Amino acid sequence: MAVSMACFSSQCFSLASHFNNLSLSSSSSAHSRNLHLKSLTSSLSVSQSLFSQGCLSLSTLGRRTSSRIVCDATPPKEADSAAKRARQAKTRRLRNKSRKSEIKTRMKKVLVALAKLKKKKEAQPEEILPIEKLIAEAYSCIDKAVVKGTLHRNTGAHRKSRLARNKKAVEIHHGWYTPASASTSA
């Protein structure tokens with residue numbers, strides 16, 4: 001009886017990963033049916049305690065005298081806290097993606113506007129005012145992303161510096177700004 005229990009439990013464990021439902025049936029002859037029925041029912045009471053701790057469950061089908069036993073293999077349930085963390089990570093990823101996209105769009109608008117102004121032959125100093133508004137909006141967007149944790153503070157500073165350098169290059173190109181030389185300031 002112990003041998004049949006060991007065989008039965010090893011079959012369920014080895015097949016649990018491959019099958020969702022596994023049913024064992026006895027042969028058609030009456031003598032062997034009674035033999036299998038006795039071994040399966042006796043192992044049922046012992047094996048239920050073994051399988052109840054894992055992800056396998058045993059149950060009989062039909063009446064008590066039935067010779068079929070079903071071994072269900074269900075995957076272990078994901079913990080509720082892990083599912084919540086997965087949901088939170090998904091929403092944060094989408095939010096961060098949106099913020100980063102907005103930053104890239106605003107930076108591109110500023111850089112394109114500065115490139116157009118730099119190519120313009122007879123540009124006036126007042127033409128940089130709308131670009132300064134775009135730069136202020138981009139700075140605000142970058143600062144919000146840094147505060148929320150989407151961007152690292154050094155990354156935010158790097159991007160703001162990039163916009164300021166490009167603006168300064170356009171001002172120098174058109175002669176609206178002359179940098180102080182290092183020798184006169186010392």
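## Starting with helices

The expected span of a helix is 1.5 Å times one less than its number of residues. Helices here are DSSP runs of H or I with at least four residues, strands are E runs of at least two, and both are numbered from the N terminus.

This is a predicted model, where local features need pLDDT of at least 70, side-chain atom pairs count only at pLDDT 80 or more, and totals for chains, interfaces and linings use all residues. Residues are numbered from 1 along each chain as its sequence is written, and side-chain values use heavy atoms, leaving out hydrogens and water.

## The whole chain

You'll find six helices and three strands in the chain, in the order α-β-α-β-β-α-α-α-α. Of its 186 residues, 23% are buried, meaning under 20% relative accessible area with a 1.4 Å probe, protein chains only.

## Helix H3

Now look at H3, residues 80-119. H3 has 40 residues and reaches 59 Å from first C-alpha to last, close to the expected 58 Å. Its buried residues include Arg99, Ile103 and Met107, and the buried residues of H3 pack against helix H4 (129-148) and H5.

## H3 meets H5

How do H3 and H5 (residues 153-174) cross? Their axes, lines fitted to C-alpha atoms over the stretch in contact, come within 10 Å and cross at roughly 10°. So H3 is roughly parallel to H5, a label for angles under 35 degrees, on a scale from 0 to 180 between N-to-C directions.

Contact means heavy atoms within 4.5 Å. Among the residues making this one are Val110 and Leu111 of H3, and Leu163 and Val170 of H5.

Note on methods: Buried < 20%, exposed > 50% of the residue type's maximum accessible area, 1.4 Å probe, protein only. Parallel < 35°, antiparallel > 145°, perpendicular 65-115°, else oblique.
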